[in-house]
Amino acid sequence: MIRKDKENVGMKGWIKIDHMDKNGVLIESVETPNMVVDAGFAQVAGLFCSDQAAGFTAFDYIGVGTGTSAATYTNTALGTEITTADLARAASTGTVSQETVSGDTAQFVHQFSVTTTNAITESAVFNLAAAGAMLCRQTFSAINVANGDTLQITWRVTVTR
């Protein structure tokens with residue numbers, strides 16, 4: 001017997017950015033859907049199997065930048081990634097949670113302690129501290145950070161059907 005139902009599996013999610021001043025007071029909060037990029041889909045597919053020799057690595061890093069070109073499926077890097085010590089790509093705290101079914105959502109969180117002045121306009125999730133594969137990217141209106149501020153970035157990616 002041939003089944004006529006089909007699976008519509010995909011990935012979707014959002015990014016939330018909380019910008020706090022030096023006293024921990026929330027200045028602004030931005031939430032927007034993310035864009036899972038082609039390289040992210042490929043890396044996730046590679047993680048399904050045990051072919052680690054092919055270089056498939058889990059995603060654990062959050063980067064920020066000042067690029068303003070809209071996110072596209074073909075992105076592999078931030079437009080202009082910030083590399084100063086305070087805002088350089090950093091390891092996130094990763095957890096698995098539930099949106100619809102148990103374990104269907106990966107969450108990545110990092111809090112940057114700002115010591116420089118920047119207008120943050122993009123963020124992405126990567127699998128390595130430098131270079132590596134990008135999972136998702138998004139651009140947004142400038143978040144102007146200054147010395148003493150903190151920037152908490154939370155990415156959530158849900159496997160959906």
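Thr-154 is found in strand E10; helices (H or I, at least four residues) and strands (E, at least two) are DSSP runs, numbered from the N terminus. The structure is a predicted model, in which local features need pLDDT of at least 70 and side-chain atom pairs count only at pLDDT 80 or more, while totals for chains, interfaces and linings use all residues. Residues are numbered from 1 along each chain as its sequence is written, and side-chain values use heavy atoms, with hydrogens and water left out.

Thr-154 counts as buried because its relative accessibility is 11%. Buried means under 20% relative accessible area, exposed over 50%, and partly exposed in between (1.4 Å probe, protein chains only). Not counting residues up to four places away in sequence, Thr-154 touches Trp-14, Ile-15, Lys-16, Gln-107, Phe-108 and Val-109, where contact means heavy atoms within 4.5 Å. One of these residues, Gln-107, lies in strand E7. Leaving aside neighbours within four places in sequence, Gln-107 is in contact with Thr-93, Gly-94, Thr-95, Thr-154, Trp-155 and Arg-156. The side chains of Gln-107 and Arg-156 make a polar contact at 2.9 Å. A polar contact is a pair of N or O atoms within 3.5 Å; within protein, one must be able to donate a hydrogen and the other to accept it, and residues adjacent in sequence count only if both atoms are side-chain atoms. Gln-107 and Val-157 are 50 residues apart in sequence, and their C-alpha atoms are 6.5 Å apart in space.

The protein chain as a whole has one helix and ten strands. Along the sequence these follow the pattern β-β-β-α-β-β-β-β-β-β-β. Of the 161 residues, 42% count as buried. Among contacts between residues at least 6 apart in sequence, 70% join residues at least 24 apart. The C-alpha trace spans about 65 × 35 × 25 Å along its principal axes.

The largest nonpolar core has 27 residues, and those with the most contacts inside it are Ile-120, Leu-135 and Ile-153. Such a core is a set of buried Ala, Val, Leu, Ile, Met, Phe, Trp, Tyr and Cys residues joined through side-chain atoms within 4.5 Å. Two or more residues each come from E1, E4, E7, E8, E9 and E10, and the largest share, five residues, comes from E9. Apart from this core lies another, of five residues, among them Leu-78, Ala-124, Phe-126 and Met-134. Beyond four places in sequence, the residues that Ile-120 touches include Val-64, Ile-82, Leu-87, Phe-140 and Leu-151.

In helix H1 (residues 38-47), the buried residues are Gly-40, Gln-43, Val-44 and Gly-46. These residues cover an arc of only 160° around the axis, so they lie on the same side of H1; the arc is that of the directions from the helix axis to the C-beta atoms. Strand E1 (10-20) and strand E9 (134-145) are included in what covers them.

Asn-127 lies in the loop between E8 and E9 and counts as buried because its relative accessibility is 4%. The side chain of Asn-127 reaches the backbone oxygen of Thr-57 at 3.3 Å and the backbone nitrogen of Ala-133 at 2.6 Å. Not counting residues up to four places away in sequence, the residues that Asn-127 touches include Gln-43, Phe-59, Asp-60 and Tyr-61. Gln-43, one of these, is also among the buried residues of H1.
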